[in-house]
Every structure is written in C-alpha cells, then in structure tokens.
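The following exercises concern a protein structure.

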Amino acid sequence: MTQCSELVAYCNNLLESNAFQDYCPNGLQVEGRSEIRRVVSGVTASQAMIEAAAEQGADLLLVHHGYFWKGEAAPITGLKQRRIRALLEHGINLVAYHLPLDVHAKLGNNVQLAQLLDWHITGGLEPNNPRSVGLQGELAEAVSGAELAQQLNVALGREPLFISGHSRPVKRIAWCTGSAQGYIEKAVALGVDAFITGEVSEPTFHIARECGINFYAAGHHATERYGVKALGEHLAEHFGVEHQFIDIDNPV
C-alpha cells in the first residue's frame with residue numbers, strides 16, 4: 001500500500017512531466033481514494049476501461065490517454081460526465097501521462113516498441129532534440145518491406161497498412177508510436193528505409209511514394225500498449241502494490 005500523492009509525485013519526477021508542453025495535463029486528473037493497493041493500467045480511459053478497472057477493485061487507473069485535452073469543450077456533460085461520475089463513484093484515481101510516457105528512455109512507448117521488435121536504437125527522430133518524440137535505429141538484419149510488415153503483424157497482432165516506397169532491403173528505420181504520420185518527412189530527412197507509426201493520413205501515401213520511403217501504419221492503440229504497461233509494472237515493483245494491465249482493444 002502507498003499514498004496516491006506519493007505515487008503521483010514519484011511518477012511526475014520519473015517521467016519529468018513538468019518539462020513538457022503537452023496537449024493535456026499530466027499526472028493526477030481525477031482524485032479518488034488516498035490509499036493505493038491496486039493499480040490497473042490501460043491505454044485509454046474509456047468507459048469500458050473504467051468499468052473493467054472497477055471490476056478489478058482498482059484504486060488507481062493509469063493510462064496514456066486521459067482527459068481534458070486542449071481545445072475540447074469544458075462542460076462536464078454527456079460522455080465526459082458519465083466517465084468522471086464512474087471514477088468518483090468507485091473512488092478510482094485517474095492518472096495519465098501522454099508525451100512524457102512517449103519519450104521516456106526506459107519505459108516510454110517508443111523504447112518499449114523497439115524492445116518488443118528487437119530494434120537497435122541509434123538516436124532520435126529529431127537528432128538535436130534531447131526529448132525527441134520519436135526514434136531512429138536499425139533492424140537486427142535487413143528484410144524486405146513485406147517481411148517488416150509481417151514482423152509488425154506478428155508482434156502487434158494486427159496487420160499494418162504498408163505503403164511501399166521502394167524495393168530495396170529495409171535496414172535503417174525511424175518510428176513514433178501513436179498518431180505521428182505527420183513526422184514522415186523527418187524520417188525522409190534522416191535517409192532511413194522505413195517509417196513506422198500508428199496512423200495514416202491521405203497525404204502520407206504520396207509522400208512515401210515520391211520520397212522513396214516505406215511507410216507502416218501499425219495501429220495507434222497497438223503501438224502504444226507497452227509504455228503504460230511497463231510503467232505499471234515498475235510502480236508495482238517500486239511500491240509493492242498490485243498491478244494489472246487490461247487491454248481494451250481498439251482497431252485504430
């Protein structure tokens with residue numbers, strides 16, 4: 001058991017959350033019980049995620065996608081009201097980390113994805129940014145574009161959208177989990193063979209073809225399962241609390 005305030009302060013320090021200009025508040029978003037015995041983690045604080053956490057007796061729900069995003073309507077009505085009411089009724093703290101959890105050097109989504117797929121990290125997608133939101137690296141061995149798509153399919157349990165920009169072997173890659181299709185031109189500037197992210201936009205097809213880079217949209221949810229799970233496991237070990245990762249799957 002630990003105090004919620006102690007756990008959140010530890011996470012804020014560990015992830016250096018104050019160093020980020022983010023699209024949402026990082027840390028404690030909805031306050032619940034002060035004592036934490038059981039943590040449930042998941043990608044997004046959807047209604048289904050909250051209900052699953054409540055069923056498991058969670059004192060704290062740890063997510064990557066929380067609430068109060070920049071530009072959203074402020075009134076707590078409709079969907080937002082139902083979610084927050086469920087958290088309050090069950091005394092569940094909602095703790096969320098967005099960009100800080102993407103970029104962390106050990107627990108971050110990008111590092112965890114690299115570990116899952118045995119990619120060797122050589123630097124940042126933005127080489128001059130010490131908190132680069134994406135990474136670059138190399139595969140263990142060169143493969144064809146189609147073979148890399150199959151590796152992603154097997155590891156993530158989802159067939160990626162593969163846009164072929166060339167026919168040469170793929171060795172050097174860049175990646176950024178989630179919705180980072182707009183960073184494809186940063187990958188082009190690095191001269192890598194492929195760029196992997198979660199989502200795709202209409203212009204992505206033309207950029208990949210015209211710039212000669214392979215592109216893979218492997219799923220926003222699928223590429224971002226691993227950071228929050230790793231953070232939950234770390235907290236369980238550090239504080240001696242129980243932890244369970246729940247995957248409320250999302251095909252996007």
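**Exercise 1.** Determine where N110 is found and whether N110 is buried or exposed.

*Solution.* Step 1: N110 is found in helix α5, residues 109-117; a helix here is a DSSP run of H or I with at least four residues, numbered from the N terminus. Step 2: the model is predicted, so local features need pLDDT of at least 70, side-chain atom pairs count only at pLDDT 80 or more, and totals for chains, interfaces and linings use all residues. Residues are numbered from 1 along each chain as its sequence is written, and side-chain values use heavy atoms, with hydrogens and water left out. Step 3: the relative accessible area of N110 is 2%, so N110 is buried (under 20% relative accessible area, with a 1.4 Å probe and protein chains only). Step 4: a polar atom of the N110 side chain lies 2.7 Å from the backbone oxygen of V133.

**Exercise 2.** Classify R225 as buried or exposed, and state which residue its side chain joins in a polar contact.

*Solution.* Step 1: R225 is found in the loop between α9 (220-223) and α10. Step 2: its relative accessibility is 10%, and therefore R225 counts as buried. Step 3: the side chains of R225 and D249 are joined by a polar contact of 3.5 Å (a pair of N or O atoms within 3.5 Å; within protein, one must be able to donate a hydrogen and the other to accept it, and residues adjacent in sequence count only if both atoms are side-chain atoms).

Notes
Helix = DSSP H or I, 4+ residues; strand = E, 2+ residues; numbered from the N terminus. Buried < 20%, exposed > 50% of the residue type's maximum accessible area, 1.4 Å probe, protein only.
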